[in-house]
Amino acid sequence: MSGEDDQSRQDRYDHGAVEAKWQRFWEENGTFAAKRHAGRPKRYLLDMFPYPSGAGLHVGHPEGYTATDIVARFERMRGVDVLHPMGWDSFGLPAEQYAIQTGTHPSKTTYDNIATFRRQLKSLGFSYDWSRELATTDDEYVRWTQWIFLLLFEKGLAYQDEIPVNWCPALGTVLANEEVIDGKSERGSHPVVRTPLRQWMLRITAYADRLLEDLAEVEWPEGTLTMQREWIGRSEGAEIDFAAKGLEGESISVFTTRPDTLYGVTFMVLAPEHPLALRLTTAERRAEVEAYIKAAASKSDRDRMAHAKTKTGVRTGGSCVHPLTGAEIPVWIGDYVIGSYGTGAVMGVPGHDERDFEFAKQYDVPVIEVVSPEKAPKGKLDAAYVEDGFSVNSAELSGLSTAEMKRAVVQKLEAMSRGKKRVSYKLRDWVFSRQRYWGEPIPVYFPVDLPEGGSPREGAKAVVRFDKPIAVDRSELPLRLPELADYRPGEDPAGPLARALDWRFFQKDGKWYARETNTMPQWAGSCWYYLRFLDPKNQAEGWSKEAYDAWMPVDLYVGGAEHAVLHLLYSRFWHKVLFDAGHVTHKEPFKKLVHQGMILGEDNEKMSKARGNVVNPDDIVKAHGADCLRMYEMFMGPLEAVKPWQSSQIQGVVRFRDRVWAACTRPTTDALDDETNRLLHKTIQKVTKAIETLSFNTAISTMMIFTNHLAGLKEVPKAAAEKLVLLLSPFAPHVAEELWSRFGHDESLAYEPWPQFDEALCVDDVIEMPVQVNGKVRGHVKLARAASQDEAVKAAMDVESVKPFVEGKAVKKVVFVSGRILNLVVG
């Protein structure tokens with residue numbers, strides 16, 4: 001074997017050894033521990049933390065994490081203090097379902113999964129401050145989640161209500177709307193019934209206006225802002241009362257954004273669960289109405305709304321009274337009206353609402369025209385007229401414009417005490433409790449009456465006074481979950497904690513009390529984790545004022561678009577409650593938000609175990625190294641774009657890494673030629689701007705061009721090679737650290753100053769311009785940047801591809817913009 005082959009083999013890059021070496025170094029030296037320094041800028045860079053599932057990471061997960069890590073490493077090198085933490089959204093249904101199947105405690109499953117996720121993330125070289133790691137299931141974390149709940153409770157923002165839920169007796173569990181399809185459970189196709197259940201609610205609607213208004217303060221994707229606005233759904237209109245005929249003092253309230261159409265009401269539709277539905281039903285209609293209500297009870301709200309295009313309804317035989325005309329309006333029951341949305345009643349105006357028009361046609365209900373494009377009625381309507389216009393057939397208010405009519409009707413209703421102006425929201429209060437085991441216990445308890453004496457722990461009849469909730473004293477937090485032998489929900493919707501009698505019932509001052517047996521939803525822990533990262537070891541408070549002032553707000557938040565509504569809305573709500581209580585000082589927690597695009601499988605489908613298209617990052621790291629995985633995911637396309645994984649294309653970045661290694665391990669020279677120096681400064685400029693705009697694919701392609709240039713030189717200028725390594729380090733930190741060390745540097749490059757560029761060197765002295773003849777490009781010419789018009793014309797005339805179009809012709813006009821346009825007008 002030749003000496004050259006020995007040298008080649010010796011210098012070949014060994015990603016496995018190099019990556020393990022530097023990951024060890026960073027961990028042992030606490031390289032990325034976040035510290036604040038007086039007078040220095042800060043950036044709080046946050047990933048939406050993952051739920052640690054049993055499947056571990058797939059290659060789609062690291063995309064967003066790599067993006068924030070590039071920014072974190074880049075900013076540290078620019079002299080910025082960086083907080084870049086990681087933790088685990090670790091309460092979740094999968095661990096509980098696994099516990100039900102196997103008897104394994106959910107905490108064991110959860111923390112085993114966390115260990116896998118942690119190992120995988122560390123193997124990718126992310127520069128997290130691991131000293132701040134937290135899990136929402138940690139006792140100390142649960143303590144402060146419960147502390148925030150008590151704040152909500154004390155401010156009247158947490159309350160109990162009877163809410164219809166989807167109860168599946170066969171599965172013994174309450175199902176989310178998404179888990180019910182055509183009245184049956186998604187899992188197992190078991191019958192589901194709607195039944196009222198005591199639930200804890202959070203009064204998010206009290207913050208609806210502020211949640212809407214403060215969106216003006218954030219830099220978020222426009223699509224996400226739109227989804228937030230639509231979910232809040234603010235609309236202005238009127239609340240109108242229709243007296244219920246035959247029920248003294250009772251009325252049906254409706255909300256409408258079109259009070260101008262009030263004279264066109266010809267029917268009323270109540271939700272099946274409306275409290276007056278059966279009371280207004282006549283004896284001869286009762287059987288049909290009860291059957292209809294029973295059928296509706298087997299459908300989830302989501303199911304009913306999904307089928308709302310096909311309207312169904314049944315007449316009650318009862319009626320209500322029109323508030324302005326006194327006419328009797330027939331009352332129907334329709335399952336497309338949802339009891340928990342609005343008032344649970346809709347006034348039917350078939351002349352001016354497409355849904356009502358279809359209903360009227362189907363059930364032969366009269367149609368009255370009360371809005372017309374002209375000031376006179378059109379007569380019979382072939383379709384609903386839904387635009388603005390002028391009021392017709394509206395008694396003394398006929399002839400008014402739509403805007404005038406809205407005001408006039410509301411004024412008249414208010415004068416008669418039969419309605420009022422009102423702002424309404426699509427946003428509903430947040431159903432906060434879950435009838436599950438694996439969640440934060442709600443820190444509330446209730447007095448217990450024992451009408452027959454005895455101990456409730458031994459099965460004595462106990463009446464829990466849910467109407468008298470008492471907050472657990474903060475000194476007793478965290479309230480921990482009990483150990484259970486059986487995690488199954490049980491035979492009623494109350495959930496498994498209701499069976500833990502020794503935990504549920506306790507004595508205090510000789511009196512018996514019962515703990516709340518509902519738990520919090522998974523959303524709870526993710527509502528405030530960004531605050532705990534500020535001060536995760538603090539046992540006296542959730543976070544200190546000093547830590548808050550040092551790091552907040554979050555400067556860049558990166559995560560999937562699937563969280564565009566609920567997680568962000570709930571977090572913003574909690575933050576505003578904390579703001580009002582003086583615990584935070586910013587109205588909004590997340591300044592800038594970016595959604596990374598989904599990485600699909602090689603079959604262009606979403607990655608899933610069921611499809612068999614999941615790519616495990618462990619396999620990529622083993623075969624090619626973490627640096628190549630990181631660079632490939634950033635090189636695939638724009639960060640926000642959806643793109644398919646293609647294993648064959650990872651070889652491109654492997655070759656790039658190896659070319660960098662080869663160029664930077666060759667003998668170097670201290671000389672730096674002008675061409676290389678100019679290209680270096682252009683490269684620094686482009687890579688810097690690309691990272692600032694999160695255009696990571698552009699940054700990598702720019703470094704590829706410069707690397708190819710270095711590879712073509714006989715000797716590599718050391719200054720250029722070192723700067724390339726620094727530019728590369730946020731993307732491929734392991735190979736960069738190893739090369740930096742080989743260049744003779746004793747310290748990690750993590751805090752080395754970021755390379756600077758000279759603007760003057762980024763401007764070419766010689767430029768290439770297109771030459772147009774009579775407006776068509778006929779060739780290109782190279783000119784000095786400062787060339788005059790005469791010099792440009794003379795050079796253009798000598799271009800071979802231009803000559804046939806100008807020879808023998810007079811140049812009548814020249815259009816010349818230095819550096820941009822040269823157009824010869826000839827004839």
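Me: What makes Gly542 and Trp543 contacts of Leu531?

Reply: Contact means heavy atoms within 4.5 Å. Leaving aside neighbours within four places in sequence, Leu531 meets that with Gly542, Trp543, Tyr548, Met552, Leu578 and Val584. By the way, this is a predicted model, where local features need pLDDT of at least 70, side-chain atom pairs count only at pLDDT 80 or more, and totals for chains, interfaces and linings use all residues. Residues are numbered from 1 along each chain as its sequence is written, and side-chain values use heavy atoms, with hydrogens and water left out.

Me: Which residues touch the most other members of the largest nonpolar core?

Reply: Tyr44, Phe149, Leu531, Trp574, Trp645 and Phe696, out of 157 residues. Helix α6 (residues 139-154) gives the largest share, 9 residues. A nonpolar core is a set of buried Ala, Val, Leu, Ile, Met, Phe, Trp, Tyr and Cys residues joined through side-chain atoms within 4.5 Å. Another core, of 36 residues, lies apart from it, with Ala244 and Leu397 among them.

Me: Why does Thr116 count as partly exposed?

Reply: Buried means under 20% relative accessible area, exposed over 50%, and partly exposed in between (1.4 Å probe, protein chains only). Thr116 has 32% relative accessibility, so partly exposed is the label. You'll find Thr116 in helix α5 (residues 106-123); helices here are DSSP runs of H or I, at least four residues, and strands are runs of E, at least two, numbered from the N terminus.

Me: How do you know that the buried residues of α18 line one face of the helix?

Reply: The buried ones in α18 (residues 617-624) are Pro617, Ile620, Val621 and His624. Down the axis of α18 they fall within an arc of 100 degrees, so they line one face. That arc is taken from the directions from the helix axis to the C-beta atoms. They pack against α2 (15-29), α5, α19 (626-635) and α20 (650-664). Just after α18, Gly625 has a positive phi of about 100 degrees.

Me: What makes β29 and β32 a pair?

Reply: Two strands pair if DSSP finds at least two bridges between them. Strand β29 (residues 766-773) and strand β32 (residues 821-826) have 2 bridges and run parallel, so by that rule they pair. Val773 stands opposite Leu824 in β32.

Me: And why do β30 and β31 stand at the edges?

Reply: The open sheet has 4 strands, in the order β30-β29-β32-β31, with mixed pairing. β30 (776-784) and β31 (811-817) each have a single partner strand, so one side of each is left without a neighbour in the sheet.
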